[in-house]
Amino acid sequence: MGTVSSKWLGSSGGRGIEHGGSGHGEDKQPIVEQDERKRWSSNRRDSSGETLDCPTCQGTGRIPRGQESKLVAVIPCNDQRLRPRHTKLYMAVSVAACLLVSSLVLFFLFPRSVILSPVAVKSVLVFFTEDAVLMNVTNVLNITNQNFAQVQAYNLTVQALNFQTVVGTVTIQNVTMVKPLSTKMYSFQIPIKLTDAGLNNYCKSTTIQIHTVFLHLQMAMTVYYLAHFEQLSLDTYEYIDCGTNTTIPHSVNPSPP
């Protein structure tokens, strides 16, 4: 049997506290706390290079080395990375850029008019036969291209009438090419044949100095530009001298409104 020992603590005259027990009287205290053990273990792995800093834990977490491509990061919904900066600015700039590009495309590629306009009668060559008057009339035509694209002109058809009677026709397959935003003058020749007896006597008369004949020209032409075909037409009135050759250009009157 062991003995029970007692010890009085405190100052003189005070009452002490008696501690007693069997065996060795040693105090029981935990050597290492649980959180300290985890921290010690973590520091040991860090020092050995087995882990890396977690990129989504704000620098407070660690992940095993070699498993970066196998792990999936989960971040809260209110994380700032889910709220990009200047979102409204980027959207406004994108919309403005799209509108600008669309406007430029429409401005440059929107089809504009191609205009035909008469210029002048360049020359008239007259030939007499027994029963007819033959003339080769050279006219000058303006083709105006108001587009930002090149225009190809095809199939120019001209019909000349004198008092509702067709006196001459001509058809030209390949006319010309007109550059963007430009005007090109085009000359063409139309043969005229007057077989009316009254006109024959009028043109061949030597007592009349000027033998004026009015012609009504009906023109039609096909143009191709910006991937589509368009049909153009023009009516003009001109006067010529059927009694002698004329090499001095004179103006052509457009059709009345």
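What is the mean pLDDT of the protein chain, and what share of its residues reach 70 or more? The mean is 80, and 74% of the residues reach 70 or more, where pLDDT is the predictor's confidence in each residue, from 0 to 100. The structure is a predicted model, in which local features need pLDDT of at least 70, side-chain atom pairs count only at pLDDT 80 or more, and totals for chains, interfaces and linings use all residues. Residues are numbered from 1 along each chain as its sequence is written, and side-chain values use heavy atoms, with hydrogens and water left out.

Where pLDDT is low, the predicted coordinates should not be read in detail.

The overall layout comes next. The protein chain holds 3 helices and 11 strands, taken as DSSP runs numbered from the N terminus (helices are H or I with at least four residues, strands are E with at least two). Along the sequence they follow the pattern α-β-β-α-β-β-β-β-β-α-β-β-β-β. Of the contacts with a separation of 6 or more in the protein chain, 59% are accounted for by residues 24 or more positions apart. Buried residues make up 27% of the 257 residues; buried means under 20% relative accessible area, exposed over 50%, and partly exposed in between (1.4 Å probe, protein chains only).

A search of the whole structure finds 5 aromatic pairs, with rings of Phe, Tyr and Trp (its six-membered ring) pairing if their centres lie within 6.5 Å; planes under 30 degrees apart count as stacked, over 60 as edge-to-face and the rest as tilted. The pair of Phe 107 and Phe 148 is tilted, because the ring centres are 5.5 Å apart and the planes stand at 50 degrees. Phe 107 lies in helix 2 (residues 87-109) and Phe 148 in the loop between strand 4 (133-145) and strand 5 (151-162), so the pair ties together parts that are 41 residues apart in sequence. Phe 107 is partly exposed at 44% relative accessibility, and Phe 148 is partly exposed at 32%. A second tilted pair joins Phe 214 and Tyr 239, at 6.4 Å centre to centre with 55 degrees between the planes. This pair links Phe 214 in strand 8 (residues 212-225) to Tyr 239 in strand 9 (residues 228-241), 25 residues apart. Here Phe 214 is exposed at 55% relative accessibility, whereas Tyr 239 is partly exposed at 35%.

Together with Phe 108 and Phe 148, Phe 107 forms one aromatic cluster. The charged end of Arg 112 also sits over the ring of Phe 107, 5.0 Å from its centre; this requires NZ of Lys or CZ of Arg within 6 Å of the ring centre and within 35 degrees of the ring normal.

Is Thr 144 buried or exposed? Thr 144, in strand 4, is buried at 18% relative accessibility. Its side chain makes a polar contact of 3.3 Å with the side chain of Thr 183. Such a contact is a pair of N or O atoms within 3.5 Å; within protein, one must be able to donate a hydrogen and the other to accept it, and residues adjacent in sequence count only if both atoms are side-chain atoms. Leaving aside neighbours within four places in sequence, Thr 144 also contacts residues including Ser 113, Val 114 and Ile 115.

Most residues other than glycine have a negative phi. Leu 181, in the loop between strand 6 and strand 7, has a positive phi near 50 degrees. Ala 227, in the loop between strand 8 and strand 9, has a positive phi near 65 degrees and is exposed at 67% relative accessibility.

Terms used. Contact = heavy atoms within 4.5 Å.
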